[in-house]
Structure formats: C-alpha cells, structure tokens
Amino acid sequence: MAEQLGLGLALGVAIGTGLTWTRLRQRSRAATPNGAVLHGKTLTTPQLLAWIDAGTQGWLILTPDLHIAYINEKAERLLQISHNLLVRGQPLEEVLSIPELEEAIVRVRHQQRPQRSEWEWQGDPLEAIVLPGSDEWLLVLLQSRRSLEAQQQQQERWVSDVAHELKTPLTALMLVSDRLEGAVQGQDSVLVERLQKELRRLQLMVEDLLELSRLENSLPRDNSSYSALTLENLVDSAWTSIRPIAEARGVHLAINSDEPGPLLGDQRRLHRAILNLLDNALRYSPDNSHVEVEILPSGGWWMLSIRDHGPGLSDMDLNNMFQRFYRGDPSRARSNRSGSGLGLAIVQQIAVNHGGRIQARNHAGGGTNVELLLPRGGQAL
C-alpha cells in the first residue's frame, strides 16, 4: 500500500511535465493514493499508467531509496532492458550503471530542480530529464538524441542563416541612414535619428539571437573553454565597459566581498552575463546613486548579488524577466536606452550552461536584487 501511495504521488507530480516545476509542485499536492485530482475529477493510476505506456518518451519512476517503481516499454527499449527481466522493485544501481544519470540524480536531490543529462548507451546517444517529486520521488524522462540532434542542428542552421541574411540589408540601411543624416534638416533629421536608433536595435537583436542559439545548443558544463577566473575581476571588467554611462549619471559601483570568488568558467560568456546584469541594474538606478555588488560563499556555490536602488519590479516583471523578448514596465526604468529584449535570457542560459542558476527578488530596503549562483570549481553539486 505504501508503494502504491508513493507511485500515485509520483504520477500526480508527473502530470503535465511540459509545464513549469512550480506547476508540478502544485499538482503533486493534489495527488491521491489512487490517482490525481484535477478540477474535481479523478485520474486513476491505471489510466495514468496506460498513457505512460503509450507515450513516445521513456518513463522511469524512482522511489526515494532509488528503487525502480515503474518503467514503461519505451524506456526498456532505450536502455536495452529485456522484457523478460523483471526490474520493477529492483535497486537502480543493480539494473543500470550510468554515472551521468547518477550524477544528475545527486544534483536534483541537492538543488530540487530539474536536471538534464546525456550519455552514450551501447552505441545510442541518450538524453534524460530528471524531475524532483514529492517526498524525494524522482521521474526520469528518456529519449534518444539522434532525432533531437538533427532538429537542433536544423534549428541552429535556420537561426544562423536568417541572422546572417538580415545582417546584409541592415548594414545597407545603416549606410543609407548615415547619408541621410547629413542631407536632411529640421523635422526630417528627427525621423532619421529615430530610424538609426531602431536599426541599431535590430542589429543588436540579430547578434543576441545568434548568441542565444549557440548557448542553447551547447552542452551544459562544457569545460573546453574554461579557465581560472574570479568573480571580482569579472565584475571590475564588466563595470569598466559601462563606467562612462554610469558616471554621466552619477552612478557608482560599490563592491562588498571578503573573497574574490575563484571559479572555473568561460571568461567571455561570464563577462557577458555580468555585464548584462550590471547594465540592467544601471537602467533602473536613479541618478547619483550606486549599484551594490556582493560576492558571497553559499555552500558549494558562489553567489554574486547585484542590487540597484530603483523602484523595484512588479510581480509580473519578476516572474517573466528572464523570458526572451520580455520587456518590463518602461516607467520604472531610469534610462531610455533600449536593448534587444534578450539580455537576461542570455544571462539565464549562460548560468545554466555553467551548472548554475539565476534568481531575482525585490530587496526589503528598496530596489531589485538579482542573484547569480555559480558552482565552485566549475562543477555543480
């Protein structure tokens, strides 16, 4: 009965796996021993299992002590487990020995966040998404990467081709606008200035789309370009890039750190992430104020905290600020500079690729606090 209860809870959590982790947590609380209650209707465990068996993804449900509670036929085929081998109820480590999957499970237990893992299994490239559930139950979604890699390559080529095709006409339009700038007067010059501003924004958007596409198609924690860095030096370098804009408004940087924050990472991309965060803080900072930066140890992580002294963000802004092309309430910004709408989405993807994460909240003393967490030594716990 206890196992049936746990399986029911795990299935309740698994419903709607395409939704966010928050929605998964909400649904897990609505689970019952016999199924999941949604809008007053009960989905029974046999019905859920029938859907799972018919699914195109492999499903592997693990108990809190990492025994296999359920596995569907697709997962058995992907993992090349014979139908005659009864694995339900067996410890996972006695059935499979996959270090990459075991590492992802450990990270999920520590972070309580979904984790993605890849490995080669008897010649077949596999991918797994490990989702945390109620009472330490886990759901592992499995699929082959062969078709996914083809789709990713096609998407990357498409985005790259479109971006490159856009570069040529944008460059031509910029040249025309430069010629117009010297040839027009009066009200027409205002229109030309606006045209140039929008063209520069489009150029920035194209460049950011290319960068985001590269990041999304990169393997997490790919250390081929990693080097020894410190967060303190990265902050100094990033602030130098925007110091002239900040000083023109009387905004200064205040760093509070007892440790420089040594870590391993991609210097170019981490510089980009921190530059985007500092630039975002500068946009919301009132004139003659300061941007506060703290570098703090947090268990196996470094936490880079960046706080502005602006009006703070609405709940909608906090929930959506890392989505691509999302633009918050312009009345809250203290600068009229416009970006591509992709800056914070790029920061989030850089954090994920380094095995970290980013979060934001309004500070009790005013302003917004953005926290970038990166693992020490370049390895997530």
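Colleague: How many salt bridges does the count come to, and what makes E103 and R107 one of them?

Modeller: In this predicted model the count comes to 10 salt bridges. For E103 and R107 the closest N and O atoms are 3.2 Å apart, and because the rule asks for a side-chain nitrogen of Lys or Arg within 4 Å of a carboxyl oxygen of Asp or Glu, the pair is called a salt bridge.

Colleague: Why are E103 and R107 separated by about one helical turn?

Modeller: The two residues are 4 residues apart in helix α6, which means a separation of about one helical turn.

Colleague: Which residues form the negative surface patch, and where is E102 placed?

Modeller: The patch is formed by E93, E94, E100 and E102; E102 has its place in helix α6, and α5 (92–95) and α6 (99–111) each supply at least two residues of the patch.

Colleague: How do you know that R376 lies over the face of W302?

Modeller: R376 is at 4.3 Å from the ring centre of W302, and the distance part of the rule asks for CZ of Arg within 6 Å; R357 likewise lies over the face of W301, at 5.5 Å from the ring centre.

Conventions:
Residues numbered from 1 in each chain as written. Predicted model: local features only at pLDDT ≥ 70, side-chain atom pairs only at ≥ 80, totals over all residues. Heavy atoms only, no water. Lys NZ or Arg CZ within 6 Å of the ring centre and 35° of its normal. Patch = residues over 30% accessible without salt bridge, like charges linked within 9 Å, V, L, I, M, F, W, Y side chains within 5 Å. Areas by Shrake-Rupley, 256 points an atom, 1.4 Å probe, with all protein chains shown as cover. Lys, Arg positive; Asp, Glu negative; His and termini not counted. Charge placed at Lys NZ, Arg CZ, Asp CG, Glu CD.
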